[in-house]
Amino acid sequence: MSTIQPGSFLTLHYRLAGPQGGVIDTFSGKPATLSLGAGQLSPALEQRLIGLEEGARARFDIPAGEAFGERNPDMVQWLARKELDELGEPGERYAVGEAVQLPTPDGQGQFAAVVRAVRDDGALQLDFNHPLAGQPVTFEVQVIGVL
């Protein structure tokens, strides 16, 4: 039976949940496929997978701040309406709690933020912290395949 090692290619179901419940859950849909060490999961999550065998099911309770770091107040920033129109859809309306996808500075990828406030002039206060930053996390996994 194959065992997960650094650099393993995996197919698995996993669930990440904070104190308020589930954030990411693949158990009810298509399993995830990833390469350990490629940055698709946080290092704290990847470390817990090492040594698990194909077919294993496990649950890990990870202390606050370890899975996705502590919340960083510097990652909560205002973005002017003009910049939003340049980066996304001009005139788009945003609501508090909504996730917004923005292009990376090089235009090669995207990153997400959550809208925390909307000013009358259309500017958004965006939180770029991971939704589970600074929280204890439950990480459940079912390893389907290891290459």
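Here is a walk through the structure, from one of its sheets to its aromatic pairs and nonpolar cores.

This is a predicted model, in which local features need pLDDT of at least 70, side-chain atom pairs count only at pLDDT 80 or more, and totals for chains, interfaces and linings use all residues. Residues are numbered from 1 along each chain as its sequence is written, and side-chain values use heavy atoms, leaving out hydrogens and water.

Let's begin with a sheet. Helices (H or I, at least four residues) and strands (E, at least two) are DSSP runs, numbered from the N terminus, and two strands pair if DSSP finds at least two bridges between them. Four strands form an open sheet with antiparallel pairing, in the order β5-β8-β7-β6. At its edges stand β5 and β6 (99–103), each with a single partner strand, so one side of each is left without a neighbour in the sheet. Neighbouring strands here are turned by 45 degrees against each other on average, direction ignored; for such angles, axes are lines fitted to C-alpha atoms (for helices over the stretch in contact), and angles run from 0 to 180 degrees between N-to-C directions.

Now follow the sheet from strand to strand. Strand β5 (residues 76–79) pairs with strand β8 (residues 124–127) in the antiparallel sense over four bridges, and Gln77 has Leu126 of β8 as its bridge partner. Strand β7 (residues 110–118) is also joined to β8 by four bridges, again antiparallel. Here Leu126 in β8 is the bridge partner of Val115. The hairpin of β7 and β8 has five residues between the strands, and Gly122 takes a positive phi near 90 degrees there. Further along, β6 and β7 pair in the antiparallel sense over five bridges, with Ala112 in β7 as the partner of Gln101. Their hairpin has six residues between the strands, and in this one Gly107 has a positive phi near 75 degrees.

Next, look at helix α2 (residues 81–87), where you will find Arg81. Although 40 residues separate Arg81 and Asp121 in sequence, their C-alpha atoms are 7.1 Å apart in space. Contact means heavy atoms within 4.5 Å. Leaving aside neighbours within four places in sequence, the contacts of Arg81 include Asp121, Gly122 and Ala123, as well as Glu89 and Tyr94.

What about the aromatic rings? A pair of aromatic rings is described by the distance of the centres and the angle of the planes. Rings of Phe, Tyr and Trp (its six-membered ring) pair if their centres lie within 6.5 Å; planes under 30 degrees apart count as stacked, over 60 as edge-to-face and the rest as tilted. A search of the whole structure finds three aromatic pairs. Tyr14 and Phe139 have ring centres 6.2 Å apart and planes at 65 degrees, so the pair is edge-to-face. Because Tyr14 lies in strand β1 (residues 9–18) and Phe139 in strand β9 (residues 137–146), the pair ties together parts that are 125 residues apart in sequence. Both Tyr14 and Phe139 are buried, where buried means under 20% relative accessible area, exposed over 50% and partly exposed in between (1.4 Å probe, protein chains only). For Phe111 and Phe128, the ring centres are 5.5 Å apart and the planes at 45 degrees, so this pair is tilted. Ring pairs also link Tyr14, Phe60 and Phe139 into a cluster.

Finally, turn to the cores. A nonpolar core is a set of buried Ala, Val, Leu, Ile, Met, Phe, Trp, Tyr and Cys residues joined through side-chain atoms within 4.5 Å. The largest has 23 residues, and those with the most contacts inside it include Leu10, Tyr14 and Phe139. At least two residues of this core come from each of β1, β3 (32–35), α1 (43–49), β4 (57–62) and β9. Strand β9 gives the most, with five residues. A second, separate core of nine residues includes Leu79, Leu84, Val100 and Leu124.
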